[in-house]
Amino acid sequence: MPAIIARDLSKTFKTKVRPSGRLAALRSLVKPEYRDVRAVKGVSFEIDDGELVAFLGPNGAGKSTTIKMLMGILRPTGGSATVLGLDPAEDRVELSRYVGAVFGQKSQLWFHLPPSDSFRLLGSIYEIDDDDRRWREAELIERFGLAPYWDVPVRKLSLGERIRCELAASLLPSPVALFLDEPTIGLDVVAKREIRQLLAEAARVDDTTIFMTSHDMGDIEKVCKRAIIIHHGEVVVDESMKALKRRSLSRKYVGVRYASPVDLELPGLSPVKRTPTAASFEVDTSRHSLAEVVRALASRGDLEDITVEDEPLENVIAAIYETRSGAEAQALGLNASKGAGAARAGEAASA
Amino acid sequence: MRSRCYAIAASTSMRERAAYPGNFIGSMFTYALFVFIFSRVWAGAYAGASEIAGYTMRMAVWYFIVAEVPSFGFGRFFWTLSRDMKNGQIAYLLARPYDYVGYNFAEKYGGSLVEAGVILVEGLLVGILLVGPPPLAGGAPSLAGGAGVAAEASRALLVGLSLLLAGALNYFLQASIAMTAFWLEENEAFFWIFQKLTLVVGTLIPIEFLPTAAATLARLTPFPYLSYAPARIMVAYSPGEAWSLVAAQALWLVLAAALARIVFSFGSRRLSVNGG
Amino acid sequence: MLGTGRNGPGRLGGRTRAYARFLRDAFVVNLKATLEYRVNFIMQFFGMMLNNAAFAAFWLVLIGRTGAVGGYGFSDVMLIWALVSTSFGLAHVVFGNVRQLGRIIMEGGLDVYLLQPKDAWINVLASRTVVSAWGDLAYGFIVLALMNGTNLERLALFTALAVPGALIFAATFAAAESLTFFMGNSSAVSSALTEFMLSFSLYPEGIYGHGMRWILYSIVPSGFVAFMPLRVFRSLDWGLVPLLYLVAAAYVGLSYWLFRAGLRRYESGNRMDARV
């Protein structure tokens, strides 16, 4: 049985229309005007036990709303959600015993106190015996390297240290599934890498199902095995990370530099950037053989350097985000990354 | 022209306050609630007496209405000044080409006049609703006709003047306390003491109610001139007493302004030595 | 898969124990957080004592002049201040978020509490303490210690009366804040209610008319946190104490019901990102 099932999940918010003008402001006090905002329009997917899923989408796509419906914070307007066999909206409290959460922006630690105090209180919130809690704490302290911060008030920790404590805190009750909303937001490169490693380890050691949103491609590539992209409130892509990367493999960036000026006329392929001794090309591998292109370039002169790069995953996703509707984005699923690829080609060549 | 700069600062901050009348609703509500409760307290206190310490019930209620106007209109200078000092804004403000004390006075005091005016008008309305119009300026109603009108007019003028002086005095005293932040990290305690003394000495209750020794002592401090003076002029108007109260207010104002300048000149010197 | 064996018979005792443990631990954590801010606490304690002393001085002067006001002598007024202060303090010590609830709802801050397996209402309310409230809590006992005729029984009765008072305070404030679910922003209503309740509670019951008293025993329950406890305390009538606990239970029940009803409309701060 899948760990998470979303069927046709939708959520509509009523938003008060902001009145303009003084009289209108008065009128809206008496009879406010509302407008429906459909944040999520029928989202469906299933996630198996122990899967690591990236939940992507541009700002305002409905990611947070969906995650909140799965956790029982928001009531769906339509459709249904089942998480670990429970209906989140009805059995929120029961579900919360088995589900952990890290929201990059919202802390479950006491700001003015050291993590040790928060963990103790969390122990009583989750009704963990003191002995069990200490045992689990010791394990998490070691795994997350928390010993140096254990008795330091959270307000004195760096953001990276704080998020590490947050993650450890969410794992204290040994959750079956872990939801993360932008866990690495604002972190530096090293802290990001540490958090990713810890997440991957949590998934491996405890066999935890992980469902995370992020805008950071690194998070997604390093941690997740599957990507669900929603846009305009609908699922537009749901495939394995491998398949998503394969989309980017159809486009390569080739950069060359020669010792002396050369003639670089290739049939059907013009450089996106050109100097007398160097050039870069965007190669659509469905039309040109990469091997032939490289051979041809090598034969033109005294080659000093050659680089072949994949199209960054970011471009693939950006192309999907740039669409204006769910249908358009889904159509793009067939030949991904055209527009964004061209736009970024210059950048890649100059790199 | 320096004074033009201050006039502009004052009128700008007045217009800014007036643009958001919604900001006053909270204090207008609290003020009305206070006046209502105190009108009931005085009704209870006057249940067995028609006059206490020379005040009738109507005088006592009107006294409270006027005495609370400075607390609501001019009671928060300390906080706005402290905010400037603590968030480091002062380092920038000091670098500007104007006299810091004078400019701040123009801006903060100017802005507060709007709120004080709103509260005063509200007080007049609430007072009339609760206990009827204030006692006549001429004392006995027999003094009707031209003399009565003249007395009413000069009372109104003197109450207004006295309120303005009370506000300015309030500003410079609070500014002096706020500027102790040049030396002290925690200076709120001084303000609280100041605020509560203002409350007891002449705001909640007329000075005449205090035991004789306490009343005599109180009159030697600036506190009666922050709220007692305008309220007293309002409910027991006599030109002689009114002018002497206003003169005492002016004297204290000069002293308080000088104090603020002294504190500032020592404090800012310290700031430029130690840095913000 | 999961979700078996929920709340069957026999779980009730376990649940109560789990909540008792949670409240105790939350209290300990809050206490520690308070101790992080000792200096701040001492300052606020000082400010509160000063404020209360100012009003005590007012009452001393007034009652010295007039005798009892609204049926209350000086010690009666001091006792309602003691009862209200301790109840109010206790409410904010244990349920420190009670007056932040509306803001928490509005900004989507309930999420964290909804994700934990404890009742969200208790969890959110008990997850914070208000440092200054410790001073208010202590104030009642300080008054009691200074008062003639305080003995162990009076101390016990006072404490027994402060508990339902605290529950009624917390329930009333929480109810006003829960209106945020329905109104979008209830801060005006709840700050008005807070002011009403505190202001009305601190003055003699006798100064209010009959119409007002209906309000003071219903929507603004000053009667149940001040006037009725004072009567019980004065007459040492333990028999009425359970009645106050029943009243407190009713207020808590109503407040809880309102929160649950509102929770179904909770929008988790998404309102902000929903663009129009």
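Two residues are in contact here if their C-beta atoms, placed from the backbone, lie within 7 Å. With that rule, start with the chains. Two pairs of chains are in contact, and of these, chains A and C share the most contacts. Chain A and chain B have no contact joining them, and their closest C-alpha atoms lie 12 Å apart.

Some housekeeping. This is a predicted model, in which local features need pLDDT of at least 70 and side-chain atom pairs count only at pLDDT 80 or more, while totals for chains, interfaces and linings use all residues. Residues are numbered from 1 along each chain as its sequence is written, and chains are lettered from A and ligands numbered from 1 in the order in which they are written.

The term pLDDT is the predictor's confidence in each residue, from 0 to 100. For chain B its mean is 87, and 92% of the residues of chain B reach 70 or more. Among the elements of chain B, the lowest mean pLDDT, 70, belongs to helix α5 (residues 89–94), and the highest, 96, to helix α10 (residues 228–235).

Now the interfaces. Where chain C touches chain A, 30 residues of chain C meet 43 residues of chain A. On the side of chain C, the elements giving two or more residues are α1 (11–35), α5 (110–114) and α14 (270–273). Which of them gives the largest share? That is α1(C), with eight residues. For classes, Ala, Val, Leu, Ile, Met, Phe, Trp, Tyr, Cys and Pro count as nonpolar, Asp, Glu, Lys and Arg as charged, and the others, Gly among them, as polar. By that scheme this side of chain C has 13 nonpolar, five polar and 12 charged residues.

The contact of chain B with chain C takes 26 residues from chain B and 24 residues from chain C. In chain B, α2 (25–45) and α8 (188–203) each supply at least two residues of that side. The most comes from α2(B), with 10 residues. The classes on the side of chain B are 18 nonpolar, four polar and four charged.

Next, chain A by itself. Chain A has 13 helices and 13 strands. Of its 351 residues, 44% are buried, a residue being buried if 20 or more other C-beta atoms lie within 10 Å of its own, exposed if 12 or fewer, and partly exposed in between. Take the contacts in chain A between residues at least 6 apart in sequence: 72% of them join residues at least 24 apart.

On to sheets. Two strands pair if DSSP finds at least two bridges between them. One open sheet of chain A has six strands in the order β5-β6-β7-β3-β8-β9, with mixed pairing. Its edge strands, each pairing on one side only, are β5 (99–103) and β9 (234–240). From one strand to the next, the twist averages 15°. Inside this sheet, β6 (residues 177–181) and β7 (residues 209–213) of chain A pair in the parallel sense over five bridges. Opposite A:Asp181 stands A:Thr213 in β7(A). Helix α11 (residues 313–321) of chain A lies across β3 (52–56), β8 (226–231) and β9, at about 30° to β8(A).

A second open sheet of chain A has four strands, β11-β12-β10-β13, and its pairing is antiparallel. The edges are β11 (273–274) and β13 (303–310). Seven bridges join β10 (residues 251–258) to β12 (residues 278–284) in chain A. The bridge partner of A:Tyr253 in β12(A) is A:Glu282. Helix α10 (residues 290–299) of chain A lies across β10, β12 and β13, at about 10° to β10(A).

Last, two helix pairs. Axes are lines fitted to C-alpha atoms, for helices over the stretch in contact, and angles run from 0 to 180 degrees between N-to-C directions. In chain A, the axes of α6 (residues 159–171) and α7 (residues 189–206) come within 10 Å and cross at roughly 10°. That makes α6(A) roughly parallel to α7(A); angles under 35 degrees count as roughly parallel, over 145 as roughly antiparallel, 65 to 115 as roughly perpendicular and the rest as oblique. The residues of this contact divide into seven nonpolar, one polar and two charged.

In chain C, the axes of α10 (residues 187–201) and α12 (residues 222–235) come within 9 Å and cross at roughly 10°. Hence α10(C) and α12(C) are roughly parallel to each other. C:Met197, C:Phe200 and C:Ser201 of α10(C) make the contact with C:Ser222, C:Val225 and C:Ala226 of α12(C).
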